[in-house]
Amino acid sequence: PFGNVSDCPNGSRWIMDVFSECAQDGWDVASIILGLGSIGCFIAAAFPQFYQACRTGIMDQALSIYFLLGWLGGDLLNLIGSFLADQLPLQVYTAIYYVLADLGMLSLYCYYRVKNRGRAFPAAINAAFVLLSVGSLSSLSLLGSASTEDLGTFKGRSLLSAPGEELGAKPFSRTEIIGFAIGSISSVLYLCSRVPQICTNYKRKSTSGVSYFLFALVMLGNSLYGLSVLLKNPEPGQGRGDYVLHHLPWLVGSLGVLALDVVISFQFLAYRKGRPGTLEERDALLGEQDES
């Protein structure tokens, strides 16, 4: 049977038992440790923004709704891709947490939007929000009713990579094609989600109401994610180029978003002396003058 020591004679037994992963040398062990660190960063990333939102009360002015919707869309496709591509249960559970955290952040945004402005969202945003919410709940329900894979089966998969690969370089299977396509779309959404937030910070000339720890932890998580994939040894008979190709969407999504988050970090430095809420206060005064 799979999962015994003979499948991984020189590997770490506890890693194989816990993660169904064959770690035969220090590079494989480092890949797993970095992958776990990446998961921890992503899990903790949302909490600083929740605190910042409750403290300042201007979350609807500080964050772009398109940034939140794009993030939710990327995480939702990541969840669907993880399930369809039969990734490790730890990855699926972490993807579920991402979606739930995004829904919580969007709910908080909507609360402060109604509280501070009392205005409804445009129809396009309402439709996107409803579509993503229904898709998220449907995906969670599907995963809840689906049968769980036997954790004792050893497949030699990377902790944070697209699975479905077999030994040797070979054409993509149908499952790999589906996972690759969904991963590519998810990466595009991750990249596009940063642009509205960069524009919002530039228009406001302020980052008040936005927690830098949110982006700092996401940057650290994406860095660890990319390193964990790159440090992993290819399967026996698989070349390094073929290995990178099979993981390309996830690498582009993590390292590409990292570059855009660096731009947001420079905005935090550039606008750190800006007076919070200046643009919002000016707009409110102009609105009062127009009414008078």
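The model is predicted, so local features need pLDDT of at least 70 and side-chain atom pairs count only at pLDDT 80 or more, while totals for chains, interfaces and linings use all residues. Residues are numbered from 1 along each chain as its sequence is written, and side-chain values use heavy atoms, with hydrogens and water left out.

Helices here are DSSP runs (H or I, at least four residues) numbered from the N terminus, and their axes are lines fitted to C-alpha atoms over the stretch in contact, with angles running from 0 to 180 degrees between N-to-C directions. Helix 8 (residues 212-231) packs on helix 10 (residues 248-270) at an angle of about 150 degrees, the axes being 9 Å apart. These two helices are therefore roughly antiparallel, a term for angles over 145 degrees, just as angles under 35 degrees count as roughly parallel. Their contact (heavy atoms within 4.5 Å) includes Tyr212, Phe215 and Val218 of helix 8 and Trp250, Leu251 and Ser254 of helix 10. By class, this contact has 15 nonpolar, 5 polar and 1 charged residues, where Ala, Val, Leu, Ile, Met, Phe, Trp, Tyr, Cys and Pro count as nonpolar, Asp, Glu, Lys and Arg as charged, and the others, Gly among them, as polar.

Helix 8 also meets helix 2, and the axes of this pair come within 7 Å and cross at roughly 160 degrees, which makes helix 2 roughly antiparallel to helix 8. The residues of their contact divide into 18 nonpolar, 8 polar and no charged.

Helix 10 has a further partner in helix 7, packed at an angle of about 5 degrees with the axes 8 Å apart, and helix 7 is thus roughly parallel to helix 10. This contact has 12 nonpolar, 9 polar and 2 charged residues.

A cavity is a set of points, on a 1 Å grid over the protein atoms alone, where a 1.4 Å probe fits but cannot get out, and its lining residues have an atom within 4 Å of a point. The largest cavity has a volume of about 560 Å³, a volume being the space filled by probe spheres set on the points, which are joined across faces, edges and corners. Its lining has 33 residues, of which Phe42, Asp75, Asn78, Tyr98 and Tyr190 lie nearest the centre. Helix 5 gives the most to this lining, with 8 residues, and the lining divides into 17 nonpolar, 13 polar and 3 charged residues.

Conventions: Parallel < 35°, antiparallel > 145°, perpendicular 65-115°, else oblique. 1 Å grid on protein atoms, 1.4 Å probe; cavity = no way out; pocket = protein on both sides within 12 Å on 5 of 7 lines; lining within 4 Å.
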